[in-house]
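Have your viewer ready and try each task before reading on.

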Amino acid sequence: MIALFMFAVVLVLLLVGIPVAFVFGTVSIAFAFLIPELGFEVFEVLPFRIFGIMSNTTLMAVPLFIAMGLVLEKSKMAERLLISMSALFRNVRGGLAVSVVLVGAMLAASTGIASATVVMMSVIALPLMLKAGYDKSLASGTVAASGTLGLIIPPSIILIILGDVMSVSVGDLFKAAVLPGLVLVGLYIAYILITAYLNPNVAPIAKDIKDVSMKEILISIVPPLLLMLCVLGSIFAGIASPTESAAFGVVGGLLLSSLNKSLSFEMVKYVTQETVKLSGMIFMILIGATAFSLVFNELGGSDLILEFFSEDIGNVWMFIGIAMLSIFILGFFIDFIEISFIIVPILVPVMNAFGIDPLWFAVLIALNLQASFLTPPFGLSLFFLKGAAGDTIKTLEIYKGIVPFIFLQLLALGLVVLFPDLVFAFL
(Lines give C-alpha, C1' and ligand atoms only; values in the text may rest on other atoms or scores of the structure.)
Protein backbone atom coordinates (compact mmCIF):
# COMPACT_ATOMS: atom_id res chain seq x y z
CA MET A 1 0.00 0.00 0.00
CA ILE A 2 2.94 2.34 0.58
CA ALA A 3 3.84 1.99 -3.11
CA LEU A 4 0.34 3.06 -4.15
CA PHE A 5 0.52 6.01 -1.76
CA MET A 6 3.85 6.99 -3.35
CA PHE A 7 2.23 6.80 -6.79
CA ALA A 8 -0.67 8.99 -5.60
CA VAL A 9 1.74 11.59 -4.19
CA VAL A 10 3.49 11.81 -7.57
CA LEU A 11 0.19 12.34 -9.41
CA VAL A 12 -0.94 15.04 -6.98
CA LEU A 13 2.35 16.94 -7.28
CA LEU A 14 2.18 16.73 -11.08
CA LEU A 15 -1.36 18.10 -11.05
CA VAL A 16 -0.19 20.98 -8.87
CA GLY A 17 2.25 21.88 -11.63
CA ILE A 18 5.66 21.03 -10.16
CA PRO A 19 8.23 20.11 -12.88
CA VAL A 20 8.17 16.40 -13.65
CA ALA A 21 11.83 15.54 -13.17
CA PHE A 22 11.87 17.23 -9.75
CA VAL A 23 8.71 15.38 -8.71
CA PHE A 24 10.16 11.98 -9.56
CA GLY A 25 13.51 12.62 -7.93
CA THR A 26 12.22 14.37 -4.79
CA VAL A 27 9.48 11.82 -4.05
CA SER A 28 11.91 8.93 -4.56
CA ILE A 29 14.49 10.43 -2.18
CA ALA A 30 11.82 11.34 0.38
CA PHE A 31 10.34 7.84 0.51
CA ALA A 32 13.79 6.24 0.61
CA PHE A 33 14.68 8.49 3.55
CA LEU A 34 11.41 8.06 5.47
CA ILE A 35 11.10 4.29 5.13
CA PRO A 36 13.81 2.60 7.29
CA GLU A 37 13.81 -0.73 5.43
CA LEU A 38 14.67 1.04 2.19
CA GLY A 39 17.39 3.60 2.89
CA PHE A 40 19.53 5.24 0.25
CA GLU A 41 21.06 1.86 -0.61
CA VAL A 42 18.17 1.48 -3.05
CA PHE A 43 19.91 4.03 -5.30
CA GLU A 44 23.18 2.09 -5.53
CA VAL A 45 22.31 0.86 -9.05
CA LEU A 46 21.02 4.28 -10.19
CA PRO A 47 24.39 5.43 -11.69
CA PHE A 48 24.53 2.25 -13.78
CA ARG A 49 20.93 2.81 -14.94
CA ILE A 50 21.75 6.41 -15.89
CA PHE A 51 24.85 5.28 -17.77
CA GLY A 52 22.68 2.77 -19.63
CA ILE A 53 20.23 5.53 -20.58
CA MET A 54 22.96 7.83 -21.84
CA SER A 55 24.65 5.10 -23.85
CA ASN A 56 21.39 3.87 -25.39
CA THR A 57 21.78 4.28 -29.15
CA THR A 58 18.01 4.11 -29.70
CA LEU A 59 17.39 7.13 -27.50
CA MET A 60 20.04 9.05 -29.47
CA ALA A 61 17.36 9.33 -32.17
CA VAL A 62 15.28 11.62 -29.91
CA PRO A 63 17.48 14.78 -30.11
CA LEU A 64 18.19 14.10 -33.78
CA PHE A 65 14.51 13.92 -34.75
CA ILE A 66 13.83 17.00 -32.62
CA ALA A 67 16.58 18.86 -34.49
CA MET A 68 15.19 17.66 -37.82
CA GLY A 69 11.72 18.88 -36.92
CA LEU A 70 12.96 22.27 -35.79
CA VAL A 71 14.98 22.75 -38.98
CA LEU A 72 11.92 22.00 -41.11
CA GLU A 73 9.81 24.27 -38.91
CA LYS A 74 12.04 27.19 -39.91
CA SER A 75 12.43 26.21 -43.57
CA LYS A 76 9.00 27.61 -44.66
CA MET A 77 8.17 24.14 -45.96
CA ALA A 78 4.78 24.12 -44.20
CA GLU A 79 3.72 27.39 -45.79
CA ARG A 80 4.55 26.20 -49.31
CA LEU A 81 2.89 22.83 -48.71
CA LEU A 82 -0.33 24.43 -47.49
CA ILE A 83 -0.53 26.85 -50.42
CA SER A 84 -0.02 23.99 -52.88
CA MET A 85 -2.50 21.65 -51.19
CA SER A 86 -5.08 24.42 -50.90
CA ALA A 87 -4.79 25.05 -54.63
CA LEU A 88 -5.36 21.36 -55.35
CA PHE A 89 -8.55 21.23 -53.25
CA ARG A 90 -9.85 24.77 -53.84
CA ASN A 91 -12.97 23.58 -55.72
CA VAL A 92 -13.97 21.07 -53.02
CA ARG A 93 -16.32 22.10 -50.22
CA GLY A 94 -14.24 21.74 -47.08
CA GLY A 95 -11.16 21.36 -49.28
CA LEU A 96 -9.10 23.86 -47.33
CA ALA A 97 -9.63 21.87 -44.12
CA VAL A 98 -8.78 18.65 -45.99
CA SER A 99 -5.54 20.25 -47.21
CA VAL A 100 -4.72 21.21 -43.60
CA VAL A 101 -5.12 17.55 -42.54
CA LEU A 102 -2.94 16.31 -45.41
CA VAL A 103 -0.24 18.92 -44.71
CA GLY A 104 -0.41 17.99 -41.01
CA ALA A 105 0.14 14.34 -41.95
CA MET A 106 3.08 15.21 -44.20
CA LEU A 107 4.66 17.41 -41.53
CA ALA A 108 4.12 14.62 -39.00
CA ALA A 109 5.97 12.20 -41.26
CA SER A 110 8.72 14.78 -41.78
CA THR A 111 9.21 16.19 -38.29
CA GLY A 112 7.60 14.00 -35.61
CA ILE A 113 7.13 17.01 -33.31
CA ALA A 114 3.51 17.85 -32.57
CA SER A 115 4.09 21.18 -30.80
CA ALA A 116 6.02 22.70 -33.70
CA THR A 117 3.40 21.52 -36.21
CA VAL A 118 0.47 22.94 -34.22
CA VAL A 119 2.14 26.35 -33.94
CA MET A 120 3.06 26.39 -37.64
CA MET A 121 -0.47 25.42 -38.71
CA SER A 122 -2.04 27.92 -36.31
CA VAL A 123 0.00 30.77 -37.77
CA ILE A 124 -0.32 29.74 -41.43
CA ALA A 125 -3.55 27.76 -41.90
CA LEU A 126 -5.93 29.25 -39.35
CA PRO A 127 -6.02 32.78 -40.85
CA LEU A 128 -6.64 31.28 -44.31
CA MET A 129 -9.56 29.18 -43.04
CA LEU A 130 -11.14 32.07 -41.17
CA LYS A 131 -10.72 34.37 -44.17
CA ALA A 132 -12.46 31.75 -46.34
CA GLY A 133 -15.47 31.85 -44.00
CA TYR A 134 -14.91 28.61 -42.09
CA ASP A 135 -16.66 28.08 -38.78
CA LYS A 136 -14.19 28.97 -36.03
CA SER A 137 -14.77 25.75 -34.09
CA LEU A 138 -14.23 23.52 -37.14
CA ALA A 139 -11.16 25.51 -38.18
CA SER A 140 -9.54 25.38 -34.74
CA GLY A 141 -10.41 21.71 -34.24
CA THR A 142 -8.94 20.80 -37.63
CA VAL A 143 -5.70 22.69 -36.98
CA ALA A 144 -5.21 21.28 -33.46
CA ALA A 145 -6.03 17.69 -34.46
CA SER A 146 -3.90 17.78 -37.62
CA GLY A 147 -0.96 19.14 -35.69
CA THR A 148 -0.99 16.20 -33.28
CA LEU A 149 -0.67 13.57 -36.02
CA GLY A 150 3.06 13.66 -35.31
CA LEU A 151 2.42 11.59 -32.17
CA ILE A 152 1.26 8.53 -34.12
CA ILE A 153 2.70 8.92 -37.62
CA PRO A 154 6.42 7.93 -37.73
CA PRO A 155 8.99 9.25 -36.98
CA SER A 156 7.20 10.08 -33.74
CA ILE A 157 9.22 10.97 -30.64
CA ILE A 158 6.67 9.21 -28.46
CA LEU A 159 7.06 5.99 -30.49
CA ILE A 160 10.81 6.10 -29.83
CA ILE A 161 10.20 6.54 -26.10
CA LEU A 162 7.59 3.75 -26.03
CA GLY A 163 9.94 1.49 -27.96
CA ASP A 164 12.61 1.96 -25.31
CA VAL A 165 10.24 1.72 -22.31
CA MET A 166 8.50 -1.39 -23.67
CA SER A 167 11.69 -2.99 -25.05
CA VAL A 168 10.45 -3.31 -28.63
CA SER A 169 12.19 -2.42 -31.88
CA VAL A 170 11.62 1.22 -32.78
CA GLY A 171 11.81 0.32 -36.47
CA ASP A 172 9.06 -2.30 -36.06
CA LEU A 173 7.02 0.16 -34.01
CA PHE A 174 7.31 2.74 -36.80
CA LYS A 175 6.03 0.15 -39.28
CA ALA A 176 3.22 -0.87 -36.92
CA ALA A 177 1.99 2.72 -36.54
CA VAL A 178 1.83 3.59 -40.26
CA LEU A 179 -1.59 2.13 -41.11
CA PRO A 180 -3.34 3.20 -37.87
CA GLY A 181 -2.00 6.71 -38.52
CA LEU A 182 -3.37 6.68 -42.07
CA VAL A 183 -6.72 5.38 -40.78
CA LEU A 184 -6.87 8.36 -38.41
CA VAL A 185 -6.08 10.76 -41.27
CA GLY A 186 -8.88 9.12 -43.30
CA LEU A 187 -11.34 9.53 -40.43
CA TYR A 188 -10.46 13.24 -40.11
CA ILE A 189 -10.97 13.84 -43.84
CA ALA A 190 -14.23 11.86 -43.93
CA TYR A 191 -15.59 13.88 -40.99
CA ILE A 192 -14.68 17.20 -42.62
CA LEU A 193 -16.23 16.27 -45.99
CA ILE A 194 -19.43 14.93 -44.39
CA THR A 195 -19.74 18.00 -42.16
CA ALA A 196 -19.19 20.33 -45.14
CA TYR A 197 -21.80 18.42 -47.17
CA LEU A 198 -24.43 18.47 -44.40
CA ASN A 199 -23.76 22.08 -43.41
CA PRO A 200 -22.14 24.03 -46.28
CA ASN A 201 -21.90 27.22 -44.22
CA VAL A 202 -19.28 25.82 -41.81
CA ALA A 203 -16.82 24.90 -44.59
CA PRO A 204 -17.45 26.85 -47.80
CA ILE A 205 -15.46 26.60 -51.00
CA ALA A 206 -12.38 28.82 -50.64
CA LYS A 207 -12.76 31.20 -53.58
CA ASP A 208 -9.82 33.42 -52.69
CA ILE A 209 -7.18 30.68 -53.04
CA LYS A 210 -4.92 31.68 -55.90
CA ASP A 211 -4.19 29.32 -58.75
CA VAL A 212 -0.81 27.57 -58.51
CA SER A 213 0.94 25.91 -61.42
CA MET A 214 1.63 22.20 -61.36
CA LYS A 215 5.37 22.99 -61.39
CA GLU A 216 5.05 25.05 -58.19
CA ILE A 217 2.96 22.30 -56.60
CA LEU A 218 5.57 19.66 -57.41
CA ILE A 219 8.41 21.88 -56.14
CA SER A 220 6.54 22.30 -52.85
CA ILE A 221 5.46 18.69 -52.34
CA VAL A 222 8.21 16.50 -53.83
CA PRO A 223 11.24 17.55 -51.66
CA PRO A 224 9.57 16.90 -48.26
CA LEU A 225 8.06 13.68 -49.65
CA LEU A 226 11.50 12.52 -50.76
CA LEU A 227 12.96 13.35 -47.35
CA MET A 228 10.12 11.45 -45.65
CA LEU A 229 10.59 8.43 -47.93
CA CYS A 230 14.36 8.44 -47.40
CA VAL A 231 14.12 8.68 -43.60
CA LEU A 232 11.31 6.15 -43.10
CA GLY A 233 12.18 4.04 -46.13
CA SER A 234 15.72 3.43 -44.89
CA ILE A 235 14.31 2.26 -41.54
CA PHE A 236 11.63 0.04 -43.07
CA ALA A 237 14.07 -1.49 -45.56
CA GLY A 238 16.56 -2.25 -42.80
CA ILE A 239 19.23 -0.14 -44.44
CA ALA A 240 19.65 2.15 -41.43
CA SER A 241 18.68 2.25 -37.78
CA PRO A 242 16.25 4.94 -36.54
CA THR A 243 19.21 6.86 -35.11
CA GLU A 244 21.13 6.77 -38.40
CA SER A 245 18.00 7.77 -40.33
CA ALA A 246 17.40 10.64 -37.91
CA ALA A 247 20.94 11.93 -38.55
CA PHE A 248 20.28 11.72 -42.28
CA GLY A 249 17.00 13.58 -41.73
CA VAL A 250 18.82 16.46 -40.04
CA VAL A 251 21.18 16.77 -43.02
CA GLY A 252 18.23 16.53 -45.43
CA GLY A 253 16.34 19.19 -43.49
CA LEU A 254 19.32 21.53 -43.68
CA LEU A 255 19.55 20.95 -47.44
CA LEU A 256 15.83 21.70 -47.87
CA SER A 257 16.26 24.82 -45.78
CA SER A 258 19.17 25.87 -47.95
CA LEU A 259 17.12 25.33 -51.12
CA ASN A 260 14.33 27.45 -49.62
CA LYS A 261 16.95 30.14 -48.81
CA SER A 262 16.02 30.08 -45.13
CA LEU A 263 19.28 28.58 -43.81
CA SER A 264 21.13 31.05 -41.60
CA PHE A 265 23.32 31.20 -38.53
CA GLU A 266 20.38 32.46 -36.47
CA MET A 267 18.28 29.47 -37.55
CA VAL A 268 21.04 26.99 -36.67
CA LYS A 269 21.48 28.71 -33.31
CA TYR A 270 17.74 28.49 -32.61
CA VAL A 271 17.59 24.83 -33.62
CA THR A 272 20.62 23.95 -31.48
CA GLN A 273 19.34 25.73 -28.38
CA GLU A 274 15.79 24.33 -28.62
CA THR A 275 17.08 20.81 -29.29
CA VAL A 276 19.24 20.96 -26.16
CA LYS A 277 16.31 22.29 -24.09
CA LEU A 278 13.77 19.69 -25.28
CA SER A 279 16.22 16.78 -25.16
CA GLY A 280 17.45 17.82 -21.73
CA MET A 281 13.88 17.93 -20.44
CA ILE A 282 13.09 14.45 -21.79
CA PHE A 283 16.27 12.86 -20.42
CA MET A 284 15.91 14.53 -17.02
CA ILE A 285 12.38 13.13 -16.80
CA LEU A 286 13.74 9.71 -17.79
CA ILE A 287 16.42 9.83 -15.08
CA GLY A 288 13.84 10.92 -12.49
CA ALA A 289 11.49 8.16 -13.62
CA THR A 290 14.30 5.62 -13.23
CA ALA A 291 14.82 6.70 -9.62
CA PHE A 292 11.07 6.50 -9.04
CA SER A 293 10.84 2.98 -10.49
CA LEU A 294 13.69 1.75 -8.24
CA VAL A 295 11.87 2.84 -5.08
CA PHE A 296 8.41 1.88 -6.38
CA ASN A 297 9.52 -1.64 -7.32
CA GLU A 298 11.42 -2.06 -4.04
CA LEU A 299 8.19 -1.25 -2.20
CA GLY A 300 6.46 -4.00 -4.16
CA GLY A 301 4.38 -1.72 -6.37
CA SER A 302 4.88 -3.68 -9.60
CA ASP A 303 4.13 -7.00 -7.89
CA LEU A 304 0.96 -5.55 -6.36
CA ILE A 305 -0.33 -4.31 -9.72
CA LEU A 306 0.62 -7.55 -11.46
CA GLU A 307 -1.22 -9.56 -8.81
CA PHE A 308 -4.28 -7.31 -9.09
CA PHE A 309 -4.65 -7.72 -12.85
CA SER A 310 -3.52 -11.34 -13.28
CA GLU A 311 -5.18 -12.86 -10.20
CA ASP A 312 -7.90 -10.53 -8.92
CA ILE A 313 -9.20 -9.61 -12.39
CA GLY A 314 -7.60 -12.30 -14.56
CA ASN A 315 -9.20 -11.03 -17.78
CA VAL A 316 -7.02 -9.67 -20.57
CA TRP A 317 -9.75 -7.47 -22.07
CA MET A 318 -10.59 -6.02 -18.68
CA PHE A 319 -6.91 -5.15 -18.27
CA ILE A 320 -6.77 -3.49 -21.70
CA GLY A 321 -9.96 -1.56 -20.98
CA ILE A 322 -8.76 -0.32 -17.58
CA ALA A 323 -5.31 0.53 -18.97
CA MET A 324 -6.71 2.54 -21.90
CA LEU A 325 -9.30 4.30 -19.73
CA SER A 326 -6.64 5.20 -17.14
CA ILE A 327 -4.30 6.64 -19.77
CA PHE A 328 -7.16 8.56 -21.40
CA ILE A 329 -8.31 10.10 -18.09
CA LEU A 330 -4.77 10.94 -16.99
CA GLY A 331 -4.26 12.61 -20.37
CA PHE A 332 -6.72 15.31 -19.31
CA PHE A 333 -4.32 16.43 -16.59
CA ILE A 334 -0.72 15.37 -17.27
CA ASP A 335 1.61 15.31 -20.27
CA PHE A 336 2.14 12.33 -22.58
CA ILE A 337 5.84 12.11 -21.65
CA GLU A 338 4.95 11.80 -17.97
CA ILE A 339 2.40 9.07 -18.75
CA SER A 340 5.01 7.21 -20.80
CA PHE A 341 7.49 7.17 -17.94
CA ILE A 342 5.06 6.66 -15.03
CA ILE A 343 2.18 4.49 -16.25
CA VAL A 344 3.62 2.45 -19.12
CA PRO A 345 6.45 0.78 -17.12
CA ILE A 346 3.84 -0.32 -14.57
CA LEU A 347 1.67 -1.86 -17.30
CA VAL A 348 4.48 -3.68 -19.14
CA PRO A 349 4.85 -6.63 -16.67
CA VAL A 350 1.07 -7.19 -16.76
CA MET A 351 1.14 -7.03 -20.56
CA ASN A 352 3.84 -9.71 -20.62
CA ALA A 353 1.95 -11.85 -18.10
CA PHE A 354 -1.15 -11.85 -20.32
CA GLY A 355 0.92 -12.53 -23.45
CA ILE A 356 -0.25 -9.36 -25.21
CA ASP A 357 1.73 -8.40 -28.32
CA PRO A 358 3.86 -5.40 -27.28
CA LEU A 359 3.74 -3.74 -30.73
CA TRP A 360 -0.05 -3.80 -30.79
CA PHE A 361 -0.27 -2.56 -27.21
CA ALA A 362 2.27 0.20 -27.91
CA VAL A 363 0.23 1.47 -30.86
CA LEU A 364 -2.91 1.50 -28.66
CA ILE A 365 -1.03 3.55 -26.07
CA ALA A 366 0.32 5.94 -28.74
CA LEU A 367 -3.18 6.55 -30.14
CA ASN A 368 -4.43 7.13 -26.61
CA LEU A 369 -1.58 9.50 -25.80
CA GLN A 370 -2.36 11.49 -28.93
CA ALA A 371 -5.79 12.23 -27.47
CA SER A 372 -4.05 13.63 -24.36
CA PHE A 373 -2.65 16.41 -26.55
CA LEU A 374 -6.21 17.52 -27.34
CA THR A 375 -8.22 16.93 -24.17
CA PRO A 376 -8.98 19.99 -22.03
CA PRO A 377 -8.12 21.53 -19.67
CA PHE A 378 -4.38 20.83 -20.13
CA GLY A 379 -4.17 19.63 -23.75
CA LEU A 380 -0.93 21.14 -25.04
CA SER A 381 -2.25 21.57 -28.59
CA LEU A 382 -5.05 23.75 -27.25
CA PHE A 383 -2.53 26.00 -25.48
CA PHE A 384 -0.32 26.23 -28.59
CA LEU A 385 -3.34 27.01 -30.78
CA LYS A 386 -4.74 29.66 -28.45
CA GLY A 387 -1.31 31.24 -28.01
CA ALA A 388 -0.76 31.47 -31.76
CA ALA A 389 -4.34 32.54 -32.61
CA GLY A 390 -4.61 35.18 -29.90
CA ASP A 391 -8.00 36.86 -29.56
CA THR A 392 -9.28 35.75 -32.99
CA ILE A 393 -10.69 32.54 -31.46
CA LYS A 394 -12.20 32.05 -28.01
CA THR A 395 -11.12 29.17 -25.80
CA LEU A 396 -14.70 27.82 -25.74
CA GLU A 397 -14.73 27.69 -29.56
CA ILE A 398 -11.50 25.69 -29.51
CA TYR A 399 -12.96 23.24 -26.97
CA LYS A 400 -16.14 22.89 -29.03
CA GLY A 401 -14.18 22.25 -32.21
CA ILE A 402 -11.87 19.65 -30.73
CA VAL A 403 -14.56 17.35 -29.27
CA PRO A 404 -15.46 15.57 -32.58
CA PHE A 405 -11.78 14.91 -33.29
CA ILE A 406 -11.31 13.36 -29.84
CA PHE A 407 -14.18 10.98 -30.62
CA LEU A 408 -12.54 10.18 -33.98
CA GLN A 409 -9.32 9.31 -32.17
CA LEU A 410 -11.23 7.01 -29.83
CA LEU A 411 -12.89 5.46 -32.89
CA ALA A 412 -9.45 4.83 -34.42
CA LEU A 413 -8.36 3.28 -31.12
CA GLY A 414 -11.42 1.01 -31.20
CA LEU A 415 -10.70 -0.02 -34.79
CA VAL A 416 -7.15 -1.05 -33.88
CA VAL A 417 -8.55 -3.07 -30.94
CA LEU A 418 -11.11 -4.81 -33.18
CA PHE A 419 -8.75 -5.25 -36.15
CA PRO A 420 -5.22 -5.96 -34.83
CA ASP A 421 -4.04 -6.69 -38.38
CA LEU A 422 -3.95 -2.91 -38.96
CA VAL A 423 -0.81 -2.92 -36.80
CA PHE A 424 0.88 -5.84 -38.56
CA ALA A 425 0.12 -4.86 -42.16
CA PHE A 426 3.67 -3.62 -42.91
CA LEU A 427 5.58 -6.07 -40.69
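**Exercise 1.** Decide whether Phe-292 is buried or exposed.

*Solution.* Start with the cut-offs: buried means under 20% relative accessible area, exposed over 50% and partly exposed in between, using a 1.4 Å probe and protein chains only. Phe-292 has a relative accessible area of 3%, so Phe-292 is buried. Next, Phe-296 comes out at 2%, which makes Phe-296 buried too. This is a predicted model, where local features need pLDDT of at least 70 and side-chain atom pairs pLDDT 80 or more, while totals for chains, interfaces and linings use all residues. Residues are numbered from 1 along each chain as its sequence is written, and side-chain values use heavy atoms, without hydrogens and water.

**Exercise 2.** Work out how far apart Phe-292 and Phe-296 sit along helix α13.

*Solution.* Helices here are DSSP runs (H or I, at least four residues), numbered from the N terminus. The two residues are 4 apart in α13 (residues 265–298), so about one helical turn separates Phe-292 from Phe-296.

**Exercise 3.** Classify the exposure of Trp-317 and of Trp-360.

*Solution.* Trp-317 has a relative accessible area of 52%, so Trp-317 is exposed. Trp-360, at 8%, counts as buried.

**Exercise 4.** Check the length of helix α15 (residues 316–330).

*Solution.* The expected span is 1.5 Å times one less than the number of residues. Finally, look inward: the buried residues of α15 include Phe-319, Ile-320 and Ala-323.
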